[in-house]
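Please read the points below with the sequence and the model side by side.

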Amino acid sequence: MSFQDPVIVIGHRGAAGLLPENTLPSFRRAWKSGVSAVELDVYTLEGRLLVIHDDTLDRTTNGQGPVMARAVAELRALDAGNGEPIPFLEEVTAELPESTGINIELKGPGTAAPVARFLAGQRRLDVLVSAFDHAELQRFHNLAPDIPAAPLFGSWKPAAWGIAEGVSARFINLSRRTASKRRIAQARQRGLGTLIYTVNDLAEATQLVSWGAAGLFTDFPDRITPDALAASIPD
Ligand code: G3P
Ligand code: MG
C-alpha cells in the first residue's frame, strides 16, 4: 500500500489509538494493519532527527520541559511509552516495509534541511513531507523539489491554494473541521488531493471519501482500513 492507493489510509503517529504514539511498536502495528502509509512528527537536535509530536516532553514521555532544551542522549534515555525510547527517524525507515509509504511532518524548527539531506540517501522511500509551518515546507521544497510536499491547514485560509502551488503539492492536508464537501471539490478541480486528519470513525471516513477526499489519517488503523472503507462506500 502507498500514496498511490485509491483511498489512502495513513496511520497517525503510527497507531496512536492503540500503542504509544510515535514509537516503533506503534508504527509496526500500523503497517501490520495494512495502512497505505504511516505519519510521524520530527524535531532536529545535534544533526539528528527525532520522532516526537509535542514541543515539550511532558505528555508523551517521563521527561519534562522543552524538547529543544535537551541533549539527544538525554532525550534517548526517556521512556516514550511502554519502555520505548523516542525513535530516530532512521530507525523507523529501516523497518518500514518497502511497500508502505511514510509521511514526515516537519514539526520542529530547522527540520527542512536535515530531512532533505536524510531523504537524499533514501531513494526507495514512498514519502510525503508536510508541515503547518509553510515557510519551513517551502525551504524543504527548494532543497528537495522532487520529493512530494503537502502543506497542512488546521484552519482554512484563501492563501492555501498559492501555498500549495509554491511547493508543487499533489495533496493538501486538512483538519477534519476544515474539510467540507465544497472544499474537497475545489481542491480536486485544482488537481489537489485532500488528506484529512484525524478521522477515527468509519462513518465519517466513508463520508469524506464519498465527497472525494483522497484519504485520511487515523489513530485506529485496525478500524479504518482501506478494505473497510472500500466495502462501506456504495457503488
Ligand atoms: O499530519 C496530520 C496530523 O499529524 C497533523 O496534526 O498535530 O497530529 O501533527 P498533528
Ligand atoms: Mg503530525
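1. The model is a predicted one, and its local features are reported where pLDDT is at least 70. Every point below should be read with that in mind.

2. The magnesium ion (ligand 2) is coordinated by E39, D41 and E105, at 2.0 to 2.1 Å. Along the chain, these donors follow the spacing E-x1-D-x63-E. D41 belongs to strand 2 (residues 37–45) and E105 to strand 4 (residues 101–106), so the pair ties together parts that are 64 residues apart in sequence. D41 is buried, with a relative accessible area of 0%, and E105 is also buried, at 4%.

3. Ligand 1 is surrounded by a set of residues that includes E39, D41 and E105, together with H12, R13, H53, K107, F132, L152, Y197 and F217. A polar side-chain atom of H12 lies 2.7 Å from an oxygen atom of ligand 1. For E39, an N or O atom of the side chain is 2.6 Å from an oxygen atom of ligand 1. For E105, the corresponding distance to an oxygen atom of ligand 1 is 2.8 Å. The protein covers 92% of the 290 Å² of accessible area that ligand 1 has on its own.

4. Helix 1 (residues 24–32) has the buried residues L24, S26, F27, A30 and W31. Why do they lie on the same side of helix 1? They cover an arc of only 160° around the axis, which puts them on that one side. In an α-helix there are 3.6 residues a turn, so residues three or four places apart point the same way. The buried residues of helix 1 pack against strand 1 (8–11), strand 2, strand 3 (48–51) and helix 3 (89–95). After helix 1 comes G34, with a positive phi near 85°.

5. Helix 5 (residues 134–143) may be read in a similar manner. Its buried residues include H134, E136, L137, F140 and H141. The arc they cover around the axis is only 155°, which puts them on the same side of helix 5. The face turned away from this buried side carries the exposed residues N142 and L143. Among the elements that cover the buried residues of helix 5 are strand 4, helix 4 (112–120), strand 5 (127–131), strand 6 (149–153) and helix 6 (160–166). At the N-terminal end, D133 caps helix 5, with a side-chain oxygen 3.2 Å from the backbone nitrogen of A135.

6. T44 lies in strand 2 and is buried, with a relative accessible area of 12%. A polar atom of the T44 side chain lies 2.9 Å from the backbone oxygen of R48. Apart from neighbours within four places in sequence, T44 is in contact with L49, M68, P109, G110, T111 and P114.

7. Neighbours within four places in sequence set aside, T178 is in contact with F153, G154, S155, W156 and R183.

Technical notes
Residues numbered from 1 in each chain as written. Chains lettered and ligands numbered in written order. Predicted model: local features only at pLDDT ≥ 70, side-chain atom pairs only at ≥ 80, totals over all residues. Heavy atoms only, no water. Donors = N, O, S within 2.8 Å, 3.2 Å for Na, K, Ca; no water. Helix = DSSP H or I, 4+ residues; strand = E, 2+ residues; numbered from the N terminus. Buried < 20%, exposed > 50% of the residue type's maximum accessible area, 1.4 Å probe, protein only. Arc of directions from axis to C-beta. Contact = heavy atoms within 4.5 Å. Polar contact = N/O pair within 3.5 Å; in protein donor to acceptor, adjacent residues only side chain to side chain. Near = heavy atom within 4 Å. Areas by Shrake-Rupley, 256 points an atom, 1.4 Å probe, with all protein chains shown as cover.
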